[in-house]
Amino acid sequence: MTQFKRRDILKGMGGLAGLSLMGAGPLRTALAQGMASDEAWKQASGTTIQFISENTPPTTAIAANLASFQELTGITVNITEMQLGALVQKVALDFGAGRSAFDVIYADPYQVLAPYHRGLVDLNTFINDDQQPVVPQGIEDFIPSQLAAAGRFKDSESLYTLPYDCPTMIWIYRRDLFEKYHDQMQQDLGFDPTPSDSTTWEQYYQIAEWFSNGNASEVQYGTGHQALQYDSLMCDFSNVLFAYGGDYFANGQQVGLLGTDSPGECQLTSEPALEAARFYQKLLKVAHPGSTSWDWTGVANAFQNGEFAMMPEWHEFAGSLESSPLQGKIGYAPLPKGPARSANLWGGTGIGINANASAEKQKAAWLFLVWATSPQTQLMGLKSEVGGGTPTRQSVYDMPEVKAASTPPTDMPNMLTADTMLTAWQDDHIGLRPKIAQWNEVDTVIFTELSKMLAGQMSPEETMQSAKQRIDRIVGA
């Protein structure tokens with residue numbers, strides 16, 4: 001996910017340590033169903049590979065369970081974790097020099113995959129090799145939108161990564177307050193305030209204003225936002241932009257799923273984009289004034305401290321929120337809909353193999369990819385006491401114990417969002433930023449111009465016009 005320090009987000013996730021200590025025997029049995037023989041898993045025994053990753057909860061859980069992978073394969077994995085910006089720099093240097101200091105790469109779709117996909121192995125090389133262990137239950141088991149967005153670039157055949165994590169923005173709210181004040185809100189507002197598939201962004205604004213007008217003693221404001229002049233502001237605005245039918249470029253969903261080298265002219269001066277900007281400016285005027293100083297972590301902390309009633313936020317914050325004094329008081333729903341749809345920005349990433357690595361290390365790296373993204377390992381991550389993300393596979397959500405964990409009490413708090421997430425990841429709900437090589441520069445333009453708008457320095461129309469002109473120069477349109 002974009003510059004997302006999720007180690008803290010899932011702090012206190014809780015779980016069953018027994019699974020995280022799963023030995024190679026049970027794991028081998030689970031993985032071997034329909035796969036190659038044990039000999040295939042030992043083909044790179046004695047090899048050492050390097051895995052570079054953003055410092056995320058899934059990688060923290062993987063690191064705690066590496067002994068089982070080493071016993072299964074005889075492969076040693078050294079993990080280097082760092083912030084995403086530093087990772088991108090190291091990977092760029094590695095690819096640029098034609099070397100392989102890192103064999104397995106956490107390949108952010110926008111900052112690694114799009115600009116450097118030629119430096120990654122097309123995984124079909126191993127998927128189609130009868131001598132290699134297959135992906136358990138096939139690549140079809142991955143959530144389809146995530147497989148395309150995380151793993152492909154420009155065409156639907158080449159596959160450069162397997163989906164590894166999947167943070168996505170949803171509506172997180174104080175269910176206890178919505179229930180306590182439900183009848184009064186409905187009477188005052190003229191509609192059912194309970195978050196649902198029919199709730200609109202305009203209604204979200206009215207609910208926020210109702211709370212901000214002092215109608216609930218528990219909170220001072222209705223809504224909070226990650227509107228710091230930073231990547232988080234682009235994320236927060238994108239949900240509204242897509243919901244209103246706007247986008248950064250034409251064919252936005254296709255550019256988000258598969259990516260392109262030539263996105264064409266920026267579309268931020270279209271009428272849907274202008275309407276989105278006008279609404280976003282209006283919404284932030286009734287939001288907690290601290291919103292323009294918060295990123296995703298800041299707004300989550302303020303929500304946890306009881307400063308407002310609801311927020312658009314990355315779903316994996318459920319892990320820490322459900323370990324706070326708000327445990328059992330929180331609700332989760334897809335974000336409100338605009339004139340076009342409900343849009344929930346996805347921020348996931350896949351892991352791939354450095355094409356400069358030796359043949360032996362590539363084989364070892366493939367074994368690691370298969371193991372690290374397997375249903376059993378993803379279930380382990382859900383239960384890990386040290387970290388763990390949200391599954392990228394449908395089969396994990398279908399497991400009886402995972403289904404049971406979607407209702408409290410639960411030892412997998414992220415699964416309280418499961419029903420919401422399976423809706424948010426559908427093609428008509430997922431929000432996808434452009435997968436283009438110039439995304440870093442485009443992102444900076446977006447959050448810089450939006451910040452000026454929120455500070456009252458520019459109108460929505462001036463903001464979108466300025467952003468379009470700058471972005472067109474960046475992409476050569």
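These legends go with a set of close-up views of a predicted model.

**View 1. Leu268 and its neighbours.** Leave aside anything up to four places away in sequence, and Leu268 touches Leu241, Asp247, Tyr248, Ala273, Leu274, Met464, Ala467 and Ile471.

**View 2. Strand β8, covered on both faces.** Strand β8 takes in residues 330-333. On one side Ile330 and Tyr332 are buried, and on the other Gly331 and Ala333 are buried too. Its partner here is strand β5 (residues 169-174), paired with β8 in the antiparallel sense over four bridges. Look for Arg174, which stands opposite Ile330 of β8.

**View 3. Two cysteines without a disulfide.** You'll find zero disulfides in this structure. For Cys166, the nearest cysteine sulfur belongs to Cys235 and is 15 Å away. Cys166 counts as buried because its relative accessibility is 0%. Cys266 is in no disulfide either, with the sulfur of Cys235 again the nearest, at 16 Å. Cys266 has a relative accessibility of 2%, so this residue counts as buried.

**View 4. Helix α7 and what covers it.** Helix α7 runs over residues 109-116, and six of its eight residues are buried. Those buried residues are Pro109, Tyr110, Gln111, Val112, Leu113 and Ala114. The cover over them includes α6 (84-96), β3 (104-107), α9 (144-151), β10 (349-353) and α23 (439-454). At the start of the helix, check Asp108: one of its side-chain oxygens comes within 3.0 Å of the backbone nitrogen of Tyr110.

**View 5. Ser466 and its polar contact.** Ser466 belongs to helix α24, which covers residues 460-475. Its side chain makes a polar contact of 3.0 Å with the side chain of Glu449. Not counting residues up to four places away in sequence, Ser466 touches Glu449 and Met458.

Definitions and conventions
Residues numbered from 1 in each chain as written. Predicted model: local features only at pLDDT ≥ 70, side-chain atom pairs only at ≥ 80, totals over all residues. Heavy atoms only, no water. Contact = heavy atoms within 4.5 Å. Buried < 20%, exposed > 50% of the residue type's maximum accessible area, 1.4 Å probe, protein only. Helix = DSSP H or I, 4+ residues; strand = E, 2+ residues; numbered from the N terminus. Pairing = 2+ DSSP bridges. Disulfide = S-S within 2.5 Å. Polar contact = N/O pair within 3.5 Å; in protein donor to acceptor, adjacent residues only side chain to side chain.
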